[in-house]
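Subject: Structure handover

Hello,

The structure is placed below for you to open. My notes on what was found in it follow.

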Amino acid sequence: PALIVEKLPMTPQDGKTLDIAVTEPQRIGDGMGSYMAYQVTTKTNLPSFSQPELTVLRRYSDFLSLYKTLVDKYTGVIVPVPPPKSASGTVMMKFKQSGEEITPFIERRCSALDRFMKRLAEHPVLRDDSLLRTFLSTTDKMPKPSSSTLANIASKLGSYTEADEYFDERSREMDTLEQQLKKFHAALEGLVSKRKELSASTRSFAETFAGLAEAEEVPQLTRAMHQMADVENNVAKLHTKQAIRDFYDFGETMYDYLAIIGGIRTCFQQRIHSYKTWQSAEVSLMKK
């Protein structure tokens, strides 16, 4: 079976638009029974939608069920991947006081879910799916796949030697690209960490220098030292802003590329599974 690799258009070619935004995370309930819901806003002129603008609340498990169902339904299609589960990040949110529940983890997950939904909206096949339409227009609970498709496929593959030269080469390319992206992502995380340390050190220097200025007896020198401290404090703020930009513009982008590679690997696994199913059916036919 051939692998379907589709190039996503940056803008709709037929004039039909589907704009999705995931924003405003909010905690529902209290204590261990609480969960985080995200506001999903859709603006569209697609005739399949009953209204041009829709807003619903969806929890993380709904996004995950949507992804698994689409993977199960569209064999061979590279389905965008949502952010992974994180038990520690979720538990920390549950114990935060009201007003403090929007942790950096929740902000990153919201941003990742927003990118996930935007990729679905741009996909020439998935954007017209009826389940995606239900997800965007109702609060109905997402149906779960009949079985864990990915786990079942992986367990049945076992050892497999790729006989097709084209797919063997593509698989090795994915391995190499994944290794390089992981190294790049680790380097970016190190860069962000060092920028944060630099910001903290610069801010500490500014505070210390401002305190030293207070001990100076010459007024002109005191003013000059305070001005110097203010400049260093502004530099510290710039380092912090740059660290945030590095994280979201580079670090998260690299993480998304790694997730896309995971989606491609899923397609490869589905192809191998289909190939083995075909071989098994052919053997059974020959025995009759």
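Y38, F63 and F135 are linked into a cluster by ring pairs; rings of Phe, Tyr and Trp (its six-membered ring) pair if their centres lie within 6.5 Å, and planes under 30 degrees apart count as stacked, over 60 as edge-to-face and the rest as tilted. By this rule there are 6 aromatic pairs. One of them joins Y38 and F63 edge-to-face, at 6.4 Å centre to centre and 80° between the planes. Y38 lies in strand 2 and F63 in helix 1, so this pair ties together parts that are 25 residues apart in sequence. Helices (H or I, at least four residues) and strands (E, at least two) are DSSP runs, numbered from the N terminus. Y38 is buried at a relative accessible area of 1%, and F63 is buried at 0%; buried means under 20% relative accessible area, exposed over 50%, partly exposed in between (1.4 Å probe, protein chains only).

F167 and F268 also form an edge-to-face pair, with 6.2 Å centre to centre and 90° between the planes. Since F167 lies in helix 6 (residues 165-215) and F268 in helix 7 (residues 219-287), the pair ties together parts that are 101 residues apart in sequence. F167 and F268 are both buried.

Please read all of this as a predicted model: local features need pLDDT of at least 70, side-chain atom pairs count only at pLDDT 80 or more, and totals for chains, interfaces and linings use all residues. Residues are numbered from 1 along each chain as its sequence is written, and side-chain values use heavy atoms, with hydrogens and water left out.

Next, the helix packing. Helix 1 (residues 60-73) packs against helix 3 (residues 104-122) at an angle of about 35°, with the axes 12 Å apart. Axes are lines fitted to C-alpha atoms, for helices over the stretch in contact, and angles run from 0 to 180 degrees between N-to-C directions. The crossing of helix 1 and helix 3 is left-handed, meaning that the near helix is turned anticlockwise from the far one by less than a right angle. Helix 1 contributes Y60, F63, L66, Y67 and L70 to the contact, and helix 3 contributes R109, L113, F116, M117 and L120; contact means heavy atoms within 4.5 Å.

On the strands, strand 2 (residues 35-44) pairs with strand 3 in the antiparallel sense over 7 bridges; two strands pair if DSSP finds at least two bridges between them. T41 is the residue opposite T55 of strand 3. In strand 3 (residues 53-59), L54, V56 and R58 make up the covered face, while E53, T55, L57 and R59 make up the uncovered one.

Q39 is also in strand 2 and is buried, with a relative accessible area of 19%. Leaving out residues up to four places away in sequence, Q39 touches A21, V22, T23, E24, T55, V56 and L57. E24 is partly exposed, at 49% relative accessible area.

Last, K16 lies in the segment before strand 1 (18-28) and is partly exposed, at 33%. K16 and P47 are 31 residues apart in sequence and 8.9 Å apart in space, C-alpha to C-alpha. With residues up to four places away in sequence not counted, K16 touches N45, L46, P47 and R127.

Regards
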